[in-house]
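This report describes a structure, taking its sheets, helices, salt bridges and ligand surroundings in turn. The sequence and structure are shown first.

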Amino acid sequence: MIKHQKPEAFYDTFERKGPGQKTTHYCPGCGHGTVHKLIGEALSDFDIADKAVFLAPVGCGVFIYYYFNSASIQCAHGRAPATGTAIKRVHDDSIVISYQGDGDLGGIGASEIVHAANRGENLTVIFINNAIYGMTGGQMAPTTLLGQKTKTTPFGRDKDIDGMPLRISELLNTMEAPVFIERTTLGTPKGVMNTRKAIRKAIQNQKDKKGFSFVEILAPCPINWKMTPVDARKWLRENLEKFYEVKNFRDKDGEKQSGKYPWMENAELLELLDIVKEKDKQTTRKTIKNGEEKVKIAGFGGQGIMSVGVLLSNCAIKKGMESTWLPSYGPEMRGGTANASVVIAEEQIGTPVVDYPDTLITMTIPALNTFEKNVNPGGLIIVNSSLINRKVQRDDVNVYYVPATELANKVGLTATAAVIMLGIYAQIKGIIDTDILKLILPQSLSKAKYVEINLKAIDAAEEYYKNNPL
Ligand SMILES: Cc1ncc(C[n+]2csc(CCOP(=O)(O)OP(=O)(O)O)c2C)c(N)n1
Ligand code: SF4
């Protein structure tokens, strides 16, 4: 029976250009739409749409998340294979589909695809080769044919000036690791059916944990080729297919990947991260207001901002909570602005980015100036009053002033000021406590000789807060 219907893996309507839309943003005759349908059908037939994670490229495929009712991540230009590597390593059961154009994959992202293929990541990569930069209006791509006229090659691509068109499938086929590499075409109905098969195989391989699977699809871009959809398919058959041989390059079984990476089996590390201590998790898990606490620790480089962020995050993990740490540096090696974003949560964390912190721990005036306005109403700002000689302007947040640098000097090391700030945070918020700080601190410091003095700094913070409660 032939069914003509939208795959269930698609949303009912596409909201890209307002509610209720039934059509995609692609131009008439564009290859992207055809390939979306083939992927959608595969996901529906395999019943894995809920496990799929799309890696959206920069290019015309950028809006993939408007169409598939699956998870998707908008990747930096060309970086989808790197993003996919990370996702696979923490969510091995997800089905990660990297969807990329020839500019994205073969140009700016050439390095990422080469290394992901060479590592044999268990990913499915769908590579749309339309021999042009579609989204930006038709500039030359790495795959543009010799003699092909584009915006940036108005007299046609010239080998001596622009180099030869890149045959990406052949390039990846020089490597040992990939298990499946096939080039298909949308130039004919038969080609579309073969593309369908190749996409299914590449997804099935990932399901079976076989390894890196790559499908290069020769696709039309009628708009930038300046042709009608029918002429574009003809041109594709007569030109693209002549240079880019349509064939299967390899289909090997691949050694089934265990899905476990060495660090996932390192008992010492598991112990450290407390992943194995389920019991401990249940007994010590804290209830956090709204289930999540977002902290921004900000100051200058060299003040221990990053280390204290890692320390906080590790304490939270030790307590059986989820936590992320995200550093942000200014361009200078030393003394530039620096801030760390830490998220602590009862459940899995959606994003490590902290735009609106619940707590701001601020070591310097520029940091206070930058982040004060972003603190959530009802939140907390802890101010190092030794270095910040102004008051917080907000009246809808709690503020605690602590002369952290002064206290650190008394302890005997100025650099412990950030640990003192964290000690104060522990006292006020109670999400982590002094005991856990003292337990984790020795593991967080790279130099053992500073452990003792930092432990003293935690005591100093506790003492100070006892005498000056909020
Ligand atoms: C860092 C960066 N460099 C360049 C661009 C401009 N840019 C946007 S899409 C694109 C290439 C798109 O071509 P392709 O990957 O072939 O996809 P298509 O649009 O043809 O599907 C480029 C160069 C950008 N957005 N970001
Ligand atoms: S510009 Fe080309 S690749 Fe982009 S949507 Fe239009 S036809 Fe498709």
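In which sense do strand 8 and strand 10 pair, and over how many bridges? Strand 8 (residues 292–300) and strand 10 (residues 337–345) are paired in the antiparallel sense, over 9 bridges. Within this pairing, Ile-297 stands opposite Ala-340 of strand 10.

## Basis of the description

This is a predicted model, in which local features need pLDDT of at least 70 and side-chain atom pairs count only at pLDDT 80 or more, while totals for chains, interfaces and linings use all residues. Residues are numbered from 1 along each chain as its sequence is written, chains are lettered from A and ligands numbered from 1 in the order in which they are written, and side-chain values use heavy atoms, with hydrogens and water left out.

An open sheet of mixed pairing is formed by 6 strands in the order 9-10-8-11-12-13. Its edge strands are strand 9 (322–329) and strand 13 (398–402), each of which pairs on one side only. From one strand to the next, the twist averages 15°. Strands here are DSSP runs (E, at least two residues), as helices are (H or I, at least four residues), both numbered from the N terminus; two strands pair if DSSP finds at least two bridges between them.

Helix 16 (residues 417–429) lies across strand 8, strand 10, strand 11 (359–362), strand 12 (380–384) and strand 13, and runs at about 150° to strand 12. Angles run from 0 to 180 degrees between N-to-C directions, with axes fitted as lines to C-alpha atoms, for helices over the stretch in contact. Ser-385 is placed in the loop between strand 12 and strand 13 and is partly exposed, with a relative accessible area of 30%. Apart from residues up to four places away in sequence, Ser-385 touches Tyr-401, Val-402 and Pro-403; contact means heavy atoms within 4.5 Å.

Strand 1 (residues 52–56) and strand 2 run parallel and are joined by 4 bridges, with Ile-73 in strand 2 as the bridge partner of Leu-55.

## Contact of helix 2 with helix 4

The axes of helix 2 (residues 80–90) and helix 4 (residues 110–119) come within 8 Å and cross at roughly 35°. Pro-81, Ala-82, Thr-85 and Arg-89 of helix 2 meet Glu-112, Ile-113, Ala-116 and Arg-119 of helix 4. By class, this contact has 4 nonpolar, 1 polar and 3 charged residues. Ala, Val, Leu, Ile, Met, Phe, Trp, Tyr, Cys and Pro count as nonpolar, Asp, Glu, Lys and Arg as charged, and the others, Gly among them, as polar.

## Salt bridges

The whole structure holds 18 salt bridges, each a side-chain nitrogen of Lys or Arg within 4 Å of a carboxyl oxygen of Asp or Glu. In one of them, the closest N and O atoms of Asp-45 and Arg-200 are 2.8 Å apart. This pair links distant parts of the chain, with Asp-45 in helix 1 (residues 31–46) and Arg-200 in helix 7 (residues 189–207), 155 residues apart. Arg-200 is buried, at a relative accessible area of 16%; buried means under 20%, exposed over 50%, and partly exposed in between (1.4 Å probe, protein chains only).

Glu-121 and Arg-89 also meet in a salt bridge (2.8 Å, N to O). Glu-121 is buried at 3% relative accessibility, whereas Arg-89 is partly exposed at 23%. Glu-238 and Lys-234 form a further salt bridge, with closest N and O atoms 3.5 Å apart; being 4 residues apart in helix 9 (residues 229–243), they are separated by about one helical turn.

## Surroundings of ligand 2

Ligand 2 is surrounded by Tyr-26, Cys-27, Cys-30, His-32, Cys-60, Asn-130, Gly-134, Cys-221, Pro-222 and Asn-224, a residue being near a molecule if one of its heavy atoms lies within 4 Å of it. This shell has 6 nonpolar, 4 polar and no charged residues.
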